[in-house]
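Q: I would like to learn how to read a model like this one. Please show it, then take me through its features.

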Amino acid sequence: FTYVGPKGVADNGDTYWKNLNAIKRYDLLPKMATGASVKPFVFTHTVHFGAYALQVPQPIFVCPMGVQTVLHEGGDKETAQGAKDANVSFCYSGASTFSPEEIKASAPQADLF
């Protein structure tokens with residue numbers, strides 16, 4: 001829990017504190033879409049994987065995180081469902097407790113990598 005819990009850090013926390021101080025140097029300014037009164041905007045982004053290109057709904061992904069079942073029995077299955085609900089892509093981890101087929105079966109409409 002110390003590693004993944006709130007303010008959990010590995011070792012003495014040097015990397016955590018460096019990252020926290022670095023991110024504080026930036027302000028995030030959201031940019032809202034305007035002019036969508038006629039038809040809704042559909043944002044897609046092309047992601048390139050070598051010779052392959054894929055259209056995804058957002059430039060945001062849930063990154064691979066292995067062995068999620070140490071925190072919750074649903075693990076990657078529920079994370080994939082949450083990613084679908086948030087309209088973002090889910091990246092499978094080779095260290096997942098579940099097979100890619102099990103995750104796809106649990107969230108069939110999810111955009112999975």
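Q: What share of contacts between residues at least 6 apart in sequence join residues at least 24 apart?
A: Contact means heavy atoms within 4.5 Å. In the protein chain, 44% of the contacts between residues at least 6 apart join residues at least 24 apart. This is a predicted model: local features need pLDDT of at least 70, side-chain atom pairs count only at pLDDT 80 or more, and totals for chains, interfaces and linings use all residues. Residues are numbered from 1 along each chain as its sequence is written, and side-chain values use heavy atoms, with hydrogens and water left out.

Q: How do the elements run from the N terminus?
A: Helices (H or I, at least four residues) and strands (E, at least two) are DSSP runs, numbered from the N terminus. The protein chain has three helices and four strands. Their order is α-β-β-β-α-β-α.

Q: Is Ser89 buried or exposed?
A: Buried means under 20% relative accessible area, exposed over 50%, partly exposed in between (1.4 Å probe, protein chains only). Ser89 has 0% relative accessibility, so Ser89 counts as buried. Across the 113 residues of the protein chain, 19% count as buried.

Q: Where is Ser89, and what is it in contact with?
A: Ser89 sits in strand β4 (residues 89-90). Beyond its neighbours within four places in sequence, its contacts include Val56, Ile60, Phe61, Asp111 and Phe113.

Q: With which side chain does the side chain of Ser89 make a polar contact?
A: A polar contact is a pair of N or O atoms within 3.5 Å; within protein, one must be able to donate a hydrogen and the other to accept it, and residues adjacent in sequence count only if both atoms are side-chain atoms. Here the partner is the side chain of Asp111, at 2.6 Å.

Q: How many aromatic pairs are there?
A: A pair of aromatic rings is described by the distance of the centres and the angle of the planes. Rings of Phe, Tyr and Trp (its six-membered ring) pair if their centres lie within 6.5 Å; planes under 30 degrees apart count as stacked, over 60 as edge-to-face and the rest as tilted. By this rule there are two aromatic pairs. Tyr16 and Trp17 have ring centres 4.7 Å apart and planes at 80 degrees, so they are edge-to-face. Phe61 and Phe113 are also edge-to-face, at 5.2 Å centre to centre and 65 degrees between the planes. This pair links distant parts of the chain, 52 residues apart: Phe61 in strand β3 (residues 61-62) and Phe113 in the segment after α3 (100-106).
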